[in-house]
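I opened a new page for this entry.

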Amino acid sequence: MRKPLGSDVFRWGIDLFNHGYYWEAHEAWEPLWHAANGARSTACSSKADPAGGSRGENP
């Protein structure tokens, strides 16, 4: 089994990100996040909010 950080998908995402294709990089990395274990997946997810609230939601 190959390590995710050394995978072609991860490197492709880095290349996309470095060339300004941020959404495409996010899409390239998403399968890696889903393949990661539960704790790592939560930490990497752009939907995770350490404060526990929703983004853009007024109190």
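**Burial overall.** I started with the whole chain, keeping in mind that this is a predicted model. Of the 59 residues in the protein, 14% are buried.

**Elements.** Next I looked up the secondary structure. I found three helices and zero strands. Read from the N terminus, the order is α-α-α.

**α1 against α2.** I then turned to one helix pair. Two packed helices are described by the angle between their axes and the distance between the axes. I looked up both values for α1 (residues 8-18) and α2 (residues 22-35). Their axes come within 8 Å and cross at roughly 165 degrees. Angles over 145 degrees count as roughly antiparallel, so that is how α1 and α2 lie to each other. The crossing of α1 past α2 is left-handed.

Which residues make the contact? From α1 I listed Val 9, Phe 10, Trp 12, Gly 13, Ile 14, Leu 16 and Phe 17. From α2 I listed Tyr 22, Glu 24, Ala 25, Ala 28, Trp 29 and Leu 32. By class, the contact residues split into eleven nonpolar, one polar and one charged.

**Ser 7.** Last, I checked the segment before α1, where Ser 7 is found. Is Ser 7 buried or exposed? Its relative accessibility is 9%, and the cut-off for buried is under 20%, so Ser 7 counts as buried. I also followed the side chain of Ser 7, which reaches the backbone nitrogen of Phe 10 at 3.1 Å.

Note on methods
Residues numbered from 1 in each chain as written. Predicted model: local features only at pLDDT ≥ 70, side-chain atom pairs only at ≥ 80, totals over all residues. Heavy atoms only, no water. Axes fitted to C-alpha atoms, helices over the stretch in contact; angles between N-to-C directions. Helix = DSSP H or I, 4+ residues; strand = E, 2+ residues; numbered from the N terminus. Parallel < 35°, antiparallel > 145°, perpendicular 65-115°, else oblique. Left-handed = near helix turned anticlockwise from the far one by under 90°. Contact = heavy atoms within 4.5 Å. Nonpolar A, V, L, I, M, F, W, Y, C, P; charged D, E, K, R; others polar. Buried < 20%, exposed > 50% of the residue type's maximum accessible area, 1.4 Å probe, protein only. Polar contact = N/O pair within 3.5 Å; in protein donor to acceptor, adjacent residues only side chain to side chain.
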